Amino acid sequence: MSLIETLAERLTRHPKRVVFPEGADPRILQAARQFATRKLGVPILLGDRTLIKENAARLDLRLDGLRIIEPARADEFADFLQKFQGLRRFKGLNELEARDYVSNSNYFAAMMLATMGADAVVAGATQSAASGLRPLFQVLPLQDGVTTASSMAIVETSNPQIGINGHLFLADCGVLPNPTHEQLADIAVTTAALAFHLTNQTPRVAMLAYSTKSRDPKNPVIGKIQSATQIAHRKALARGLVAEIDGEMQLDAALDPVTAKQKGVDSSVAGRANVLVFPDLNSGNIALKTIQMVAGARTYGQIITGLTRPASEISRSASAHDIFGTAVIVAAQAVDHSFLYAHAESKA
């Protein structure tokens, strides 16, 4: 069973509310209909009610079990407006300016998440990444001990020998252009923590580079990755996360045991990695897009890591299937790990 199906099955026992800021988009409507039909929770569609109903009718989709909210007319609007003006970042705004922000579906969704009016958000279907990410980063706080938020994509391959039953967790593929060694360590630890939360398997984190165990630490690129690896070990230990972290290493040494042995890498990660941390956004995003376009593997995300609440920022090219899978992931992220894997933990 795929990770998405496993998580979906568990969501039937712990349903969640997922808010979609672009509620009128046909792919969102299809994904939300499937989410509701499978009784995984309540999809919340933001946008013009008439347009949402017209698009649903055009697609022959029922809207029962789905909640539709027009932000500017919502019962929560006045409360959200007051709370929004209380945020330190927005204290200088007058009421008219604040109203413009809260009327925006992306900011309204972020406020729903911040005030527990929703359990997770799936944004980005029709807008640039910045439009979907900015409200989340401005409204939602970071996890304790984390210096910056980043993102993770999940790749579902047809080879069960790769990663965790064929699933790989890739980061950062969508947020930080050139992370510092401290930020790279945060990416490694927050991605590993989420991989564990979703799979209940030990994260094996490979800090990727163009070399494997280089003897040239004076190279600034390699030095940054080696430093980030050491910091990540300390951060994982500090938060009580059991994870194997190793680097720097090339992708083939991270995923193929034979190559790892040939290159003289003997560790619990080499050849067995399930979390791949890229040195910068260029390499991460290009790798993800190559997988999507050439390999044809299913991909889900971006899932935002490092925030206190589950959120995602999907690609404008995402299909309804991709959006549904991403919604399942962030909804499952909102389920406490002890509930998500209660049976597995009771057997341990």
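# Chatting through a predicted fold

Colleague: Let's start with Asn 106. Which residues does it touch, not counting those up to four places away in sequence?

Modeller: Asn 106 touches Pro 21, Ala 123, Gln 127, Ser 131, Gly 132 and Pro 135. Contact here means heavy atoms within 4.5 Å.

Colleague: Before I go on, what sort of model is this?

Modeller: This is a predicted model, where local features need pLDDT of at least 70 and side-chain atom pairs count only at pLDDT 80 or more, while totals for chains, interfaces and linings use all residues. Residues are numbered from 1 along each chain as its sequence is written, and side-chain values use heavy atoms, with hydrogens and water left out.

Colleague: Thanks! Where is Asn 106 found, and is it buried or exposed?

Modeller: Asn 106 lies in helix 6, and it is buried, with a relative accessible area of 7%. Buried means under 20% relative accessible area, exposed means over 50%, and partly exposed is in between, using a 1.4 Å probe and protein chains only.

Colleague: Zooming out, how many helices and strands are there in the protein chain?

Modeller: The protein chain has 15 helices and 11 strands. Both are DSSP runs numbered from the N terminus: helices are H or I with at least four residues, and strands are E with at least two. The radius of gyration is 20 Å, close to the 20 Å that the globule rule gives for 348 residues, so the chain is as compact as a globular protein of that length. That radius is taken over C-alpha atoms, and the rule is 2.2 Å times the number of residues to the power 0.38.

Colleague: What box do the C-alpha atoms fill?

Modeller: Roughly 60 × 45 × 40 Å, taken along the principal axes. Buried residues make up 54% of the 348 residues. Among contacts with a separation of 6 or more, 71% join residues 24 or more positions apart.

Colleague: New topic: salt bridges. Why can charged side chains pair?

Modeller: Side chains of opposite charge can pair when their charged atoms come close. A salt bridge is a side-chain nitrogen of Lys or Arg within 4 Å of a carboxyl oxygen of Asp or Glu. By this rule the count comes to 15 salt bridges.

Colleague: Which residue does Arg 38 meet in a salt bridge?

Modeller: Arg 38 meets Glu 5, at 2.7 Å from N to O. This pair links distant parts of the chain, 33 residues apart: Arg 38 is in the loop between helix 2 (26–37) and strand 2 (41–46), and Glu 5 is in helix 1 (residues 3–11). Arg 38 is partly exposed at 29% relative accessible area, and Glu 5 is partly exposed at 31%.

Colleague: And the rest of helix 1, how many of its residues are buried?

Modeller: Helix 1 is mostly covered, with 7 of its 9 residues buried. Among them are Leu 3, Ile 4, Leu 7 and Leu 11.

Colleague: What about Arg 17, which residue is its partner?

Modeller: Asp 119, with a distance of 3.1 Å from N to O. The two are 102 residues apart: Arg 17 sits in strand 1 (residues 16–20), and Asp 119 in the loop between helix 6 (105–114) and strand 4 (120–123). Arg 17 counts as partly exposed at 30%, whereas Asp 119 counts as buried at 12%.

Colleague: Which residue pairs with Arg 27?

Modeller: Arg 27 pairs with Asp 25 at 3.0 Å, N to O. Arg 27 is buried at 19% relative accessible area, and Asp 25 is buried at 12%. There is also a network of salt bridges linking Arg 33, Arg 62 and Asp 64.

Colleague: Let's switch to Gly 65. Where is it found?

Modeller: Gly 65 is in the loop between helix 3 (49–58) and strand 3 (67–69). Gly 65 is partly exposed, with a relative accessible area of 48%. Leaving aside neighbours within four places in sequence, Gly 65 is in contact with Ala 36, Val 42 and Pro 43. The C-alpha atoms of Gly 65 and Val 42 are separated by 6.5 Å.

Colleague: Last one: is Ile 286 buried or exposed?

Modeller: Ile 286 is exposed, at 52% relative accessible area. Ile 286 belongs to helix 12 (residues 281–295). Its C-alpha atom is 8.1 Å from that of Cys 173, 113 residues apart along the chain.
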